Structures are given as structure tokens and as C-alpha cells.
Amino acid sequence: MILGIGVDTVEIGRFERQLERTPKLVERLFVASERGLSGSSLAARFAAKEALIKALGGSGALAWHDMQVVRGVDRAPSFAPTAGLTRELRARGGDRVHLSMTHDGGIATAFVVVEGTAVQASDASGAFGGVSASPSTLEPGQTASTEGAL
């Protein structure tokens with residue numbers, strides 16, 4: 001079930017100028033593995049973090065470093081399962097985040113969907129996001145799907 005959707009757009013040139021004016025901002029917003037990326041990639045990652053906050057309905061206790069954007073072996077972007085992000089997702093009933101980022105024409109955009117895939121007693125069909133499971137067939141503490149979690 002979709003719990004939240006967020007989108008954010010960043011003007012790359014303006015973002016790069018802000019980073020030049022405030023050098024410590026890079027350390028504050030990005031973890032070490034993100035810092036060496038190009039300005040357009042940093043702008044896209046910043047947009048992703050902002051879009052995640054919107055999809056969650058607020059930042060709660062999240063820090064910027066809790067929202068680390070990583071690339072999988074297939075180059076698809078995702079958020080690293082940091083302790084802070086995992087805590088905030090669970091507090092909201094979420095267990096999966098989908099991320100898409102792009103940058104072109106001086107603009108970086110990110111789109112985030114937060115999903116909760118756990119079977120809930122109020123759902124008589126037992127179906128969530130294409131995953132079908134009967135609550136009676138699950139072991140205590142088991143969810144309908146763990147594939148692609150975070």
C-alpha cells in the first residue's frame with residue numbers, strides 16, 4: 001500500500017552556487033561517499049532527500065546523513081537502509097522506498113514513493129501491491145514480502 005509520494009526539483013546552477021558560498025553545506029547534507037560527485041548528481045540527491053521527507057509527511061528525527069542515496073549493481077538509485085531511515089519508516093508503517101532521479105537542462109528532479117507491504121488485519125483480501133498472502137499462512141512477525149525492502 002502506498003503510504004506517501006514526494007517529488008522535488010532543484011535548479012542545478014543555483015544549488016552549485018549555494019554549495020560554493022557555504023562549503024560546509026556539502027558535509028552537512030551528504031555522507032563521504034556522496035561528496036565527490038558532480039554538482040548535478042549532488043543536486044539530484046538533494047532533491048531525492050527532500051522528496052523522501054515529503055513522502056514521509058515530514059522529517060521527524062531524520063538527519064541528512066540518514067538519507068544516503070546509493071546505486072545498486074544495476075545502477076538503480078535507492079536509499080541506504082540506515083538506522084535512522086529504518087526507524088522513521090517503521091514509525092509510519094513503511095518498509096519500502098522507491099526512488100527515481102534525473103537531471104537534464106539545468107534541473108534535477110527526484111520522485112519517491114513510500115510503501116508499506118505488511119499484511120494488516122483490516123485487509124480482508126490479503127493483497128498489497130500485487131503481493132497476495134493470507135494472514136493465516138504467515139508466521140508471527142513475517143510480512144507478505146521482503147523483496148526489495150528499503
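Buried means under 20% relative accessible area. Keep that cut-off at hand for these exercises on a predicted model.

**Exercise 1.** Find the buried residues of helix α1 and work out how they are arranged.

*Solution.* Start with residues 12–21, which form α1; Ile12, Phe15 and Leu19 are buried there. Next, look down the helix axis: the buried residues fall within an arc of 65 degrees, so they line one face of α1. Now turn to the face pointing away from the buried side, where Arg14, Glu20 and Arg21 are exposed. Finally, see what the buried residues pack against: β1 (2–11), α2 (24–29), α4 (39–56), β4 (96–104) and β5 (107–115).

**Exercise 2.** Describe the salt bridge between Lys49 and Glu34.

*Solution.* First, check the distance: the closest N and O atoms are 3.2 Å apart. Then place the partners: Lys49 belongs to helix α4 and Glu34 to helix α3 (residues 32–35), so the pair ties together parts 15 residues apart in sequence. Both residues are buried.

**Exercise 3.** Trace the salt-bridge network that includes Glu88.

*Solution.* Begin with Arg87, whose side chain meets that of Glu88 at 3.5 Å, N to O. Continue from Glu88 to Arg92, at 2.5 Å, N to O. Together, Arg87, Glu88 and Arg92 form a linked network. Now compare accessibility with the cut-off: Glu88, at 8%, is buried, while Arg87 is partly exposed at 42% and Arg92 is partly exposed at 31%.

**Exercise 4.** Find a stretch to read with caution.

*Solution.* Go to residues 121–150, where pLDDT stays under 50. Where pLDDT is low, the predicted coordinates should not be read in detail.

Technical notes
Residues numbered from 1 in each chain as written. Predicted model: local features only at pLDDT ≥ 70, side-chain atom pairs only at ≥ 80, totals over all residues. Heavy atoms only, no water. pLDDT = per-residue confidence, 0-100. Contact = heavy atoms within 4.5 Å. Buried < 20%, exposed > 50% of the residue type's maximum accessible area, 1.4 Å probe, protein only. Helix = DSSP H or I, 4+ residues; strand = E, 2+ residues; numbered from the N terminus. Arc of directions from axis to C-beta. Salt bridge = Lys/Arg side-chain N within 4 Å of Asp/Glu carboxyl O.
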